[in-house]
Amino acid sequence: MEFNITNKAVQEFRPSKEVMDPLQPYLWLHEEEVQADGKLKKVNTIFLTNRECPFKCVMCDLWRHTLDEPTPMGAIPAQIKFALDRLPKADVVKLYNSGNFFDGKAIPRYDYKSIAGLLSDYEHVIVENHPKLIGEFIPEFRDLLDGSFEVAMGLESVHPVVMPKLNKQITRENYRKASEYLVSNGIDVRAFILLNPPFLTDERENIEWCLKTVEFAFDCGASACSIIPTRDGNGIMEKLREDGEYVPPTLSALVEVFDRALSLKKGRVFVDLWDLEKFSDCDECFEARKQRLQQMNIEQKVIKNIECKC
Ligand code: SF4
Ligand SMILES: [Zn+2]
């Protein structure tokens with residue numbers, strides 16, 4: 001069944017939302033990641049609780065941990081403090097807010113100064129943002145930081161049919177403009193890219209379009225690309241799967257994309273390994289293949305492949 005992807009259609013299929021506490025982040029974690037200088041650094045990631053993103057992308061499930069109302073002033077600094085009190089020391093901090101850091105109803109601008117003050121020990125700060133929310137408030141926030149700054153933006157897919165259907169409301173031009181604006185302001189750019197977005201179901205086409213999207217992001221100035229295997233779980237994605245409009249990627253496709261994207265040598269490439277077992281078709285070699293991808297995320301080079309002999 002073909003139906004129009006509108007905000008309403010996306011919301012109609014949603015399961016219920018979780019009740020969130022505006023004074024607590026919903027998750028915080030400590031990991032390691034290679035930074036733009038090629039060094040492996042300690043990273044603290046804080047998943048902030050804030051007002052839901054006004055965009056309603058088809059594949060998004062980030063709304064589950066968000067608030068319906070604008071985030072109260074002071075809540076974000078309180079959440080950051082809460083997480084930092086529980087996290088070890090690190091070099092880099094990621095503030096991921098299930099939406100857009102520069103959406104003033106999600107992260108009140110009034111709080112920028114306190115946020116920057118809390119992050120003064122960090123050498124690099126990374127936030128996520130929509131390519132259309134670009135303006136002078138970004139360099140203003142950058143100037144409050146002691147360390148360098150990076151903005152991660154969802155490019156998702158540059159496939160000409162898929163891109164408009166995702167309901168992200170961006171074009172290649174929007175993305176390029178946003179990316180170039182950030183780079184010209186001395187801000188690093190990271191791109192989120194989907195493998196097997198909805199509306200593209202052929203495995204080979206998915207691999208090639210994912211790589212074209214990676215190349216486009218680097219061409220726009222990204223210093224890192226993060227490849228995300230598209231998952232269902234938000235209601236409408238299950239419906240699209242039933243209708244044959246979405247097919248989950250295979251682990252082999254993710255492996256091929258990662259190997260080839262790293263071989264481009266245009267910048268750092270990461271693959272998102274969360275819930276990876278969803279995409280595995282062989283229990284025997286899954287752990288070894290996952291470990292290989294983990295190692296490649298850290299080493300940023302292609303290592304010997306693990307053949308499935310099962
Ligand atoms: S812009 Fe990001 S957070 Fe907002 S709906 Fe799209 S994917 Fe989700
Ligand atoms: Zn196997």
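Here is a walk through the fold, from the whole chain down to a few residues and the ligand.

What you are looking at is a predicted model, in which local features need pLDDT of at least 70, side-chain atom pairs count only at pLDDT 80 or more, and totals for chains, interfaces and linings use all residues. Residues are numbered from 1 along each chain as its sequence is written, while chains are lettered from A and ligands numbered from 1 in the order in which they are written.

Start with the whole protein chain. Its C-alpha atoms fill a box of roughly 55 × 45 × 35 Å along the principal axes. The radius of gyration, taken over C-alpha atoms, is 19 Å, which agrees with the value near 19 Å for a compact globule of 310 residues; that rule is 2.2 Å times the number of residues to the power 0.38. The chain has ten helices and eight strands, counted as DSSP runs (H or I, at least four residues, for helices; E, at least two, for strands) and numbered from the N terminus.

Now look inside. Of the 310 residues, 41% are buried, meaning that 20 or more other C-beta atoms lie within 10 Å of their own; 12 or fewer makes a residue exposed, anything in between partly exposed, with C-beta atoms placed from the backbone. Leaving aside residues up to four places away in sequence, Ala217 touches Leu155, Ala191, Ile193, Ala222 and Cys225, a contact being two C-beta atoms, placed from the backbone, within 7 Å.

Over to the strands: β1 (residues 27-34) and β2 (residues 40-47) run antiparallel, joined by eight bridges; strands pair if DSSP finds at least two. Leu27 sits opposite Phe47 of β2. Five residues separate the strands of this hairpin, where Gly38 has a positive phi near 85 degrees.

Asp91 is in the loop between α2 (75-84) and β3 (92-96). Having 18 other C-beta atoms within 10 Å, Asp91 counts as partly exposed. Its contacts beyond four places in sequence are Lys41, Lys42, Tyr122, Glu123 and His124.

Finally, ligand 1 is surrounded by residues including Cys53, Cys57, Cys60, His130 and Lys168.

Methods
Near = placed C-beta within 6 Å.
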